[in-house]
Amino acid sequence: SMSQHVVIVGGGVIGLCSAWYCTQRGDQVTVIDRAAPERDGCSFGNAGMIVPSHMVPLAAPGMVALGLKWMGNPESPFYVRPRLSWDLLSWGYQFWRACTPQHVRRAAPLLRDLNLASRELYVELDDAWNHEFGLTRQGLLMLCRTQAALDEEAHGAERAKTLGVPAEVLDRVGIATLDPQVSMDVMGGVWFPQDCHLSPQRFMAGLQQRLAAAGCEFLWNREVQGLPSSGIKLQGVDTDQGFVAADQVVLAGGSWSSGMAQALRLPLPMQPGKGYSLTLEGPRKLPNLCSIGVEGRIAITPMGERLRVGGTMELSGLNERVEPRRVQGIVKSFCQYFPEFTPSDFANISPWRGLRPCTPDGLPYLGRTRRSENLVIATGHAMMGLSLGPITGQLVSQLVARETPSIDLTLLSPDRY
């Protein structure tokens, strides 16, 4: 096929993976990003997990009740800052409508297929790039401090197994046997052996380096101001430093995508879900496996010699303020699961924060839209951006080439709202 000029809006993991697979096919690629090259957005401070185990979308039965229960407590894992915002109210209503067993039943096999395909691509890249981004295939532990959580996770493990994703329910001794490096104060948990983790910074750095070497153009510190079109065809992207012409445009701007799509009268409802992480440089103990503290909804990942602890979902609009009480909540929770640590271990660490793009139904927007004939949307991955990066990039390159995507994307249509 003819080489085309593909302009990708967004230099996060979705944008760079899209750039990578388009470049591999011979497209001329330009990436536009609002930040500087040494940026620290969502794709950098996250927990670095690849999660075939996560098949239940964020919008699932019980989530609304849980959210309401937690809403009053600023240290809780989920927090909505009460504010009068039409966007938030309508998103909340759409979220509530999506929290059905039918939605989970439809979404789970697709999320499984996407995550497993992405894992395969990570393994390929890890081999091709000489293991430079720390891909570790030891699985993931879902840690439970209460019997109620353990029963619920065991139920989730059964569902995973029926969908072909192996899972093993373990008691306290089983958990200790699997990861003897560190002591955990838990009743038990579930081990998902197929899950993996990596260092997101090292993965992003490797992508960026190789893209530059392959002739990909990067336009940093550019604010996108519009997507000018003639008829139903986009001409390119307007930025605060001039116009960039394009044969195809890929919108991969994370939490900022909705605003950019408004110009095309394309509703992409999303709320920025703020998450925080803290990275210990020389932790007193280093677990072998990555884990999730179920009750506290925190993520714990060893990355080389470092240990990263992340968590919370805070819906407080498109701002990057750090709320110290939420960070305290993460530390307190972590020390309950891992009693060898104390809050003072985290005393001098400045917290990272990122805004995850959360759609109302917990599924990304991926595909073409009726609004334009040369636009591909790839955003809304919420907490699975890193996990789904490579498969999303590969699918974007197929969409750009106007091939039938290798995975059915009907449920992910950007036109669904």
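## Around Thr379

The side chains of Thr379 and Ser257 make a polar contact of 3.2 Å (a pair of N or O atoms within 3.5 Å; within protein, one must be able to donate a hydrogen and the other to accept it, and residues adjacent in sequence count only if both atoms are side-chain atoms). The Thr379 side chain also has a polar atom 3.2 Å from the backbone oxygen of Gly254. You'll find Thr379 in strand E22, and with a relative accessible area of 2% it is buried (buried means under 20% relative accessible area, exposed over 50%, partly exposed in between, with a 1.4 Å probe and protein chains only). Leaving out residues up to four places away in sequence, Thr379 touches Leu251, Gly253, Gly254, Ser257, Leu268, Met270, Pro357, Pro364 and Tyr365; touching here is contact, with heavy atoms within 4.5 Å.

A word on the source: this is a predicted model, where local features need pLDDT of at least 70, side-chain atom pairs count only at pLDDT 80 or more, and totals for chains, interfaces and linings use all residues. Residues are numbered from 1 along each chain as its sequence is written, and side-chain values use heavy atoms, with hydrogens and water left out.

## The sheet that holds E22

E22 belongs to an open sheet of 6 strands with mixed pairing, in the order E9-E2-E1-E15-E22-E21. Strands here are DSSP runs of at least two residues (E), helices are runs of at least four (H or I), and both are numbered from the N terminus; two strands pair if DSSP finds at least two bridges between them. At the edges sit strand E9 (217-219) and E21, each pairing on one side only. From one strand to the next, the twist averages 15° (axes are lines fitted to C-alpha atoms, for helices over the stretch in contact, and angles run from 0 to 180 degrees between N-to-C directions).

Strand E15 (residues 248-251) runs parallel to E22, and 3 bridges join them. In this pairing, Val249 stands opposite Leu375 in E22. Which helix lies across strand E1 (5-9), E15, E21 and E22? That's H10, running at about 5° to E21.

## A three-stranded sheet

There's also an open sheet of 3 strands, paired antiparallel in the order E10-E13-E14.

Strand E13 (residues 236-239) pairs with E14 in the antiparallel sense over 4 bridges. Asp238 stands opposite Phe243 in E14.

## Salt bridges

How many salt bridges does a search of the whole structure find? It turns up 16, a salt bridge being a side-chain nitrogen of Lys or Arg within 4 Å of a carboxyl oxygen of Asp or Glu. One of them joins Lys233 to Glu373, with the closest N and O atoms 3.7 Å apart. Lys233 lies in strand E12 (residues 233-234) and Glu373 in strand E22 (residues 372-379), so this pair ties together parts that are 140 residues apart in sequence. Lys233 is partly exposed, at a relative accessible area of 39%, and Glu373 is partly exposed at 39%.

Arg326 and Glu314 form another salt bridge, where the closest N and O atoms are 3.2 Å apart. Arg326 sits in helix H9 (residues 324-337) and Glu314 in strand E19 (residues 306-315), 12 residues apart. Both Arg326 and Glu314 are buried. Asp415 and Arg370 meet in a salt bridge too, at 3.9 Å from N to O. Asp415 is in the segment after helix H10 (385-400) and Arg370 in the loop between strand E21 (365-369) and E22, so the pair ties together parts 45 residues apart in sequence. Buried or exposed? Asp415 counts as buried at 18% relative accessibility, while Arg370 counts as exposed at 66%. Then there's a network of salt bridges linking Asp40, Glu320 and Arg353.

## The whole chain

Zooming out, the chain has 10 helices and 22 strands. Its C-alpha atoms fill a box of roughly 65 × 50 × 45 Å, taken along the principal axes.

Buried residues make up 58% of the 417 in the chain. Of the contacts with a separation of 6 or more, 75% come from residues 24 or more positions apart.
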